[in-house]
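Subject: Structure for your files, with notes

Dear colleague,

Please find the structure below. My notes on it follow.

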Amino acid sequence: KEDHAEMEGRWRGVLAVLVLLAGLTASGSSYQIIEGPQNVTALKGSEARFNCTVTHGWKLIMWTLKNVVMLSITSQETIITDDRFTSASYNGSDSFISEMIIHAVQPSDSGLVQCSLQNSVVVGTAFLSVEVMGTLNIPNSSLVVPEGEPCNVTCSALGWTPLPDISWELEVPVSQSSSYSVLEPGNLTRTLSVLALTPLGNGTLTCVAELKNLQASKSVTVNLTVTQPPPDSIGEEGSSLPTWAIVLMAVAFSLILILIIVLIVVFCCCGISRREKEGIVFM
């Protein structure tokens, strides 16, 4: 029913334009388009505005989107075929500016925009691109990891058009960090960004997705907590002593070993000397 009503509205608009064309008196080519509309990139749900500057003396200005007439403007009235399309105008000393405003733009609106004049072969042309900001998510709102242990954090962006640029903001001390982005296998509308890091303290990690053309972004933050190993874990698998302690133990072990060797040498020398003296006395 909605499609049928939309078709009827468009046909009424076309018929109205034909009536206007039939009733207007041609005035030659004394008027023309000075400057046509410019390309617009808009976020889904926002407004898109197009301006068409013409010389005075015009009789009829028509705005089309993807070759469908949306606005028909004369000096007396404006015929609208879709309620999301409205117009504004600005008079200058030597020109007239007609503006078409598209409200709550949708991805389906992306396409060719044109303004044209009656009895003029010149057409002003532009393109409307509608981008979509989807969802952004990190599976866990908080993470707990051992100090100095490497870990990965994944951020997923779903339903973005085009796919966003994803970056990370680290408010946590780390010994190393890196990230990469990939498309989720089997789902070309979801992109994943994986952050690999080795944390040294508590803080926050923020995933930021941005549509570069619109400088529009969305972010999500996760809290990171670093835990210390228990004191009795020293000597267990995976635990390690500080470097200074290892060096001190090595030096102590070496001194003990040297002392033992010296004692053995001294003991052996004393034993040999005693046996020699006993042999002399016996003789």
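Asp109 is buried, because its relative accessible area is 5% (buried is under 20% relative accessible area, exposed over 50%, partly exposed in between, with a 1.4 Å probe and protein chains only). Its side chain meets that of Arg84 in a salt bridge, 2.9 Å from N to O (a salt bridge is a side-chain nitrogen of Lys or Arg within 4 Å of a carboxyl oxygen of Asp or Glu). Asp109 sits in the loop between β8 and β9, and Arg84 in the loop between β6 (78-80) and β7 (85-91), so the pair ties together parts that are 25 residues apart in sequence. Strands (E, at least two residues) are DSSP runs, as are helices (H or I, at least four), numbered from the N terminus. Arg84 counts as partly exposed, at 25% relative accessibility.

On provenance: this is a predicted model, in which local features need pLDDT of at least 70 and side-chain atom pairs count only at pLDDT 80 or more, while totals for chains, interfaces and linings use all residues. Residues are numbered from 1 along each chain as its sequence is written, and side-chain values use heavy atoms, with hydrogens and water left out.

Salt bridges

A search of the whole structure finds five salt bridges. One of them joins Glu99 to Arg49, with the closest N and O atoms 3.1 Å apart. This pair links distant parts of the chain: Glu99 is in strand β8 (residues 96-102) and Arg49 in strand β3, 50 residues apart. Glu99 is buried, with a relative accessible area of 5%, whereas Arg49 counts as partly exposed at 41%. Glu47 also belongs here: Glu47, Arg49 and Glu99 are linked in a network of salt bridges.

Glu184 and Arg190 form another side-chain salt bridge, at 2.9 Å from N to O. Glu184 is partly exposed at 26% relative accessibility, and Arg190 is partly exposed with a relative accessible area of 22%.

Disulfides

A disulfide is a covalent bond between the sulfur atoms of two cysteines. The rule used here is a pair of cysteine sulfur atoms within 2.5 Å, and by this rule the count comes to two.

Cys52 and Cys115 form a disulfide with their sulfur atoms 2.0 Å apart. This pair links distant parts of the chain, Cys52 in strand β3 (residues 48-54) and Cys115 in strand β9 (residues 111-117), 63 residues apart. The link is right-handed, with 55 degrees about the S-S bond. Cys52 is buried at 1% relative accessible area, and Cys115 is buried at 0%.

Cys155 is joined to Cys207 by a disulfide, S to S 2.1 Å. Cys155 lies in strand β13 (residues 151-158) and Cys207 in strand β17 (residues 203-211), so the pair ties together parts that are 52 residues apart in sequence. The torsion about the S-S bond of Cys155 and Cys207 is about -90 degrees, so this disulfide is left-handed. Cys155 and Cys207 are buried.

With bonded cysteines counted along the chain, the disulfides follow the pattern 1-2, 3-4. Cys151 counts as buried, at 13% relative accessibility.

Thr198

Thr198 lies in strand β16 (residues 187-199) and is buried, with a relative accessible area of 9%. A polar contact of 3.0 Å joins its side chain to that of Gln176 (a pair of N or O atoms within 3.5 Å; within protein, one must be able to donate a hydrogen and the other to accept it, and residues adjacent in sequence count only if both atoms are side-chain atoms). Not counting residues up to four places away in sequence, Thr198 touches Gly148, Glu149, Pro150, Pro173, Val174, Ser175 and Gln176, where contact means heavy atoms within 4.5 Å.

Regards
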